[in-house]
Amino acid sequence: MIDIRPLIVKLGGSVITDKRRQFTVKRTVLRRLARELTAAKGSLVLVHGGGSFGHPVASKYKIAEGYGNPRQLIGFALTHRAMEKLNAYVVDALQQAGVPAVAMQPSACAVVENGRIKSMELTPLRKLLKLGLVPVLYGDAVPDLGKGMSILSGDQLVAQLACELGAKRVILGVDVDGVYTVNPKTNKNAKLVQEISLSNWSSVKKRLSSGVGGRDVTGGMAKKVRELLALAERGVEAEIVNAAKPNILRRAILGEVGLGTRVVAR
Ligand code: ADP
C-alpha cells in the first residue's frame, strides 16, 4: 500500500531555467534532478516555478495586477502556454528517468481570490497519488474571483498542497544554499540562516527587507519563507536547499536535514 502522505518537492525556476535568457531550459540540470528525484520512495508531488518561461510574459502583460484591459487576455493565454511548455520539459525529463510523472494544470483546479487560493479540487490528484503516479504542477496564470486574473505562484501552491494533503515534508530547491542575511549573489558577506522559525522570523525578516524603501529585495525569498512558516504552524516542516548543486536534492529526499535553511514552527 502506498503511503499517500506525500513528499512535496519544488524545483525553482532559477534552477531549471536560465533566467537571463527567455524560454531557455537548463537541460543537463533538469536531467540530473530527474535522476535525483528517483530517490523518493513514497508518494511524491512535484511543483516547479516559471523562471524564464512564465515570468517575462506575465510581467509584460501585468497579469498579477488583475484584469483591466482586454489586451491582457492574450497575455494570460501566452503565460499559461509558456508554463505548459516548461512543464512538458520537466515531465519528459522525469519520464526518461523512469518517474511516472503526470502534468496537472493548476488553473483548472484552483479557485483563487485576490491572488490567494480559496479552495482546490484535489480528488483526481489524490487518486493519482494512490495509484503511485507523480503529479507535476507549476506556477500558473489563473482566473481570479476578485481581480479577474492573477498569478498563482509555485510557492503558494506548494504550501496549499502540503496542507491539504498532509505532506510529510516539503523541500524547496533553489539556486543558492538557502536563505541568507542578504542576497548571496550580490553580497559576499552574506551569511546562511540555518533555521527560520516563528520566533526568529521577525528579526531575520528585518535584515532581509532592508532594501531601498523597505522594498522586497529578496527575489521572492521572503515570500517563500512566509508561505513555509504558515505551513510550519500546521506541523509540516520544510527546507530550502540548493538544487543547483549535484546530490543535495537527492540527500534531502532521502531524509537528511540541515543541508540548507530549515523552516520550522518552534
Ligand atoms: P526560484 O525562481 O528558484 O523559486 P527566486 O529567484 O524567486 O527562486 O529566489 C531565489 C533567488 O533569491 C536566489 O537566486 C538569490 O539570488 C535571491 N535572493 C535574494 N535575497 C536572498 C537572500 N537573502 N537569501 C537567499 N537568496 C536570496
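In what order do the 8 strands of the open sheet run? Before the answer, one remark: this is a predicted model. The order is β3-β6-β2-β1-β9-β11-β12-β10, and the pairing is mixed. The edges are formed by β3, residues 101-103, and β10, residues 195-197, each of which pairs on one side only. On average, neighbouring strands in this sheet are turned by 20° against each other, ignoring direction.

I will stay with β6 for a moment. Strand β6 covers residues 134-138 and pairs with β2, residues 44-48, in the parallel sense, over 3 bridges. Within that pairing, Val47 is opposite Leu137, and His48 is opposite Tyr138.

Now to the helices. Helix α4 spans residues 71-96, which is 26 residues. From first C-alpha to last, α4 reaches 38 Å, close to the 38 Å expected at 1.5 Å a residue. Its buried residues include Gly75, Thr79, Ala82, Met83 and Leu86. Further along α4, Val90, Val91, Ala93 and Leu94 are also among the buried ones. Just after the helix, Gly98 has a positive phi of about 95°.

Which way does α3 run against α4, roughly parallel or roughly antiparallel? Helix α3, residues 51-60, packs with α4 at an angle of about 175°, and their axes are 8 Å apart. The angle makes the two helices roughly antiparallel, because angles over 145 degrees are counted that way. On the α3 side, the contact is made by Phe53, Gly54, Val57 and Ala58. These meet α4 residues including Gly75, Leu78, Thr79, Ala82, Lys85 and Tyr89. By class, the residues of this contact are 8 nonpolar, 3 polar and 1 charged.

Helix α8 covers residues 221-233, and it packs with α6 at an angle of about 5°, with the axes 9 Å apart. That makes α6 roughly parallel to α8. In α6, the residues involved are Asp155, Gln156, Ala159, Ala162 and Cys163, and they meet Lys224, Glu227 and Leu231 in α8. This contact has 4 nonpolar, 1 polar and 3 charged residues.

Is Gln160 buried or exposed? Gln160 has a relative accessible area of 17% and is therefore buried, the cut-off being under 20%. Leaving aside neighbours within four places in sequence, Gln160 is in contact with Ile117 and Met120.

Note on methods:
Residues numbered from 1 in each chain as written. Predicted model: local features only at pLDDT ≥ 70, side-chain atom pairs only at ≥ 80, totals over all residues. Heavy atoms only, no water. Pairing = 2+ DSSP bridges. Helix = DSSP H or I, 4+ residues; strand = E, 2+ residues; numbered from the N terminus. Axes fitted to C-alpha atoms, helices over the stretch in contact; angles between N-to-C directions. Expected span 1.5 Å × (residues − 1). Buried < 20%, exposed > 50% of the residue type's maximum accessible area, 1.4 Å probe, protein only. Parallel < 35°, antiparallel > 145°, perpendicular 65-115°, else oblique. Contact = heavy atoms within 4.5 Å. Nonpolar A, V, L, I, M, F, W, Y, C, P; charged D, E, K, R; others polar.
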